[in-house]
Every structure is written in C-alpha cells, then in structure tokens.
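Welcome, and thanks for taking a look. Here is a short briefing on a few helices and the packing around them.

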Amino acid sequence: MSTSPTAPVSRVGTHRTHPLLRGGGFVALACLLACVAVAGLAIGARDIDPITVTHALLGKLPADDYNGLVVLTERLPRVALGLLVGACLGAAGTVMQAVTRNPLADPGILGVEAGAAAAVVIGIVIVGVHEPRGYFWFALAGAAVAATSVALISRATTTASREISLVIAGAAVAALLMSLVTLLTVRDEAVYSSLRSWSVGSLVGRGLVLGELLPFALVALGLAVTLGRSLDALALGDEVAAGLGVRVGPTRLWAAGVGVLLAATATAAVGPVAFVGLVGAHLARMLVGTEHRWVLPYSMLTGALLLCAADVAARLVPGHGELEVGIMTAVVGTPFFVALARRRGRGTA
C-alpha cells in the first residue's frame, strides 16, 4: 500500500480529529495570521506602532498623516497581496500533490513557474513590457500554456503510471523553458535587469497587480474548496473512486486545472516563490489530518501565514535594505524539502 499522504487508502478514515478541534484550530490559525498581517503593516524601514496602524485602517488619522499614508498606500496592498498569493500557493500545493499522488509536488514541478517566466521574458523582449501589471497577463498565459503542454505530453507517453508521466513531463518542460529564459536574458542586460526582481519572487512594488489578481484568486480559491470530497475519493484509488460513482478522468482533469489556475495566478503576481505550496500543504496535514475538505482551507491559511511571515522576516535581516520574500521561503523550505525527500526515501512519509 502506498504510504503517500496523498494516497491514504486507509488514512482517510483514520487520521481524524474532532470537528470542534478542527474548527478551533482553524480560528486559532486565522488569529495567528491576523497577528502576522499586523506585523507586516507595522514593521519596515519605518516602524509604526500597532495602535497607529489600527487607527489608519479605521480611518481615524488625518488624510495627510505620513504614517497613515505608508500603511494604506504601501504596506496594506503588499500584505493583502501576500495573503492572497500565499493562500493560492498553499491550496495549489495540496491540489497538485493530490492529483499527482506525489507528496513532493509543487507548482514548479509541473512547469507552471517556468512557463510564467518564459512568457514574461518574451513579453519584455518582443512586446517591450516593463511594468509589473504587464508581467501579470504574460505570466498567467505562459503558466497556463506550460501546464497544458505538460498534461498533453504526459498523456502521450507510454509510461505505466500517469502520475510519474506527469512529473517527468513537468520536469522536462521546465528545464526546456528555463533554458530558453537563460538564452534570452544572458545576452541582453536590459531584459535581465527587468526580469531580475520578478524572477526571485518579490512582494515589493507589486501592489499594482492586486486588482488583476483578486478576481482570479477568489474564483480559484472558491473552486478549490469544492474539491475536497473529489480528492478524498481519488485518494482511495481509481477503481474504488469509480465504484463510488466518481468520473475519475474528468474529475482529475478538473482538479488539475484548478491547481494550475491557483499556481499561475500566484506566480504571475509575484514571480516564482518556492516551497510555499509544498510546506503549506504538509503543515495543513500535520494539523488537521488527511481529509481534503479540511486540508484545503487549512492549507490556504498555512500558505498565507508562511508567505507573510517570510515577508516580515525579510525586512528584519541585518544589513542594507531587505531580502526578497522568495529567498526567505527558499531558506526555510529547502531543509524541509530535503528532510521530506529523505523520509520519503526511507518509506516513512
């Protein structure tokens, strides 16, 4: 029997916690996320006390108050973007791991991030786009095309396991697209300069894309919440799921499409941010068990919490300026990924 947490043949019914504990845990996690969000509004190059932050949010400060302007025009869009992107990445990690039955799956493994990066480079080189708002639409289209290509390639292979075919096709497409990105940027300093801040994953100066992101994020998160029972049925195996009346192929394809939309929306907004989907999904399972109707909303909170906490931590690093949030998530996520892979190799994950 598979020991994958996404294929819990017997775990669906055994890893359960009391509904009150789940509800209480959800509220506690939401409160912790609210505290981190307030820290994101208060901490920065100019520290602002929480009371002033609260007054700014409630509109109790004069319109020309400098601290109020900093909170409302700079930090609030940044924190809101971090919450949405983190929630999308957390849900995307859960959905992709369930669809591929691979606990190491992440938006990057299906070529979504590479597709977004390649499209942004093409937009810069051919169309002359140099604004974050313009990056968004190119990245969204590139991520969608890359994910569709991966799905078609995986279906054309003769590998016995569809899940393994999907992972291999994703890795191959990602490698090809990143080679294209390197080829286009290595000889053009202007293109490299425009792509540099986006390619490492950053929330700085991305507030302009919040308007474009919001409709896609809300639709994608809403669709993800409805996948819980379908993903639980798929985790029982295709034959059992079919016996329960689930149309396995269309259901898996629909879930994969929602996962791609989640990952593409997040990547298009802030660039590739590694490991948030991976770590967020596993943290959610550790907290609430394996039932996806609970794991999905929990993973949205854990993903948002991870990204916002990493953004706050990036501002506290000693030295000049602050680090990009993508670097901080890599610092936290890399050891987690290695430990998870080693545990998986020993057959205990």
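Helix α2 (residues 19–42) has 24 residues that should span 34 Å at 1.5 Å a residue, and this agrees with the 35 Å between its end C-alpha atoms; the expected span is 1.5 Å times one less than the number of residues. Helices here are DSSP runs (H or I, at least four residues), numbered from the N terminus. This is a predicted model, in which local features need pLDDT of at least 70, side-chain atom pairs count only at pLDDT 80 or more, and totals for chains, interfaces and linings use all residues. Residues are numbered from 1 along each chain as its sequence is written, and side-chain values use heavy atoms, leaving out hydrogens and water.

**Around helix α2**
- Buried residues of α2 include R22, L29, L33 and V36 (buried: under 20% relative accessible area, 1.4 Å probe, protein chains only).
- Their cover includes α3 (50–57), α4, α13 and α14.

**R22 and E291**
- E291 sits in the loop between α13 (276–288) and α14 (292–315), and counts as buried because its relative accessibility is 6%.
- The side chains of E291 and R22 make a polar contact at 3.0 Å (a pair of N or O atoms within 3.5 Å, one able to donate a hydrogen and the other to accept it; residues adjacent in sequence count only if both atoms are side-chain atoms).

**Nonpolar cores**
- The largest nonpolar core has 72 residues, and L81, V85, L213, L231 and L262 have the most contacts inside it (a core joins buried Ala, Val, Leu, Ile, Met, Phe, Trp, Tyr and Cys residues through side-chain atoms within 4.5 Å).
- Helix α4 (residues 66–100) gives this core its largest share, 12 residues.
- Another core, of 12 residues, lies apart from it and includes L29, W294, V295 and A304.

Conventions: Buried means under 20% relative accessible area, exposed over 50%, partly exposed in between (1.4 Å probe, protein chains only). Helices (H or I, at least four residues) and strands (E, at least two) are DSSP runs, numbered from the N terminus. Contact means heavy atoms within 4.5 Å.
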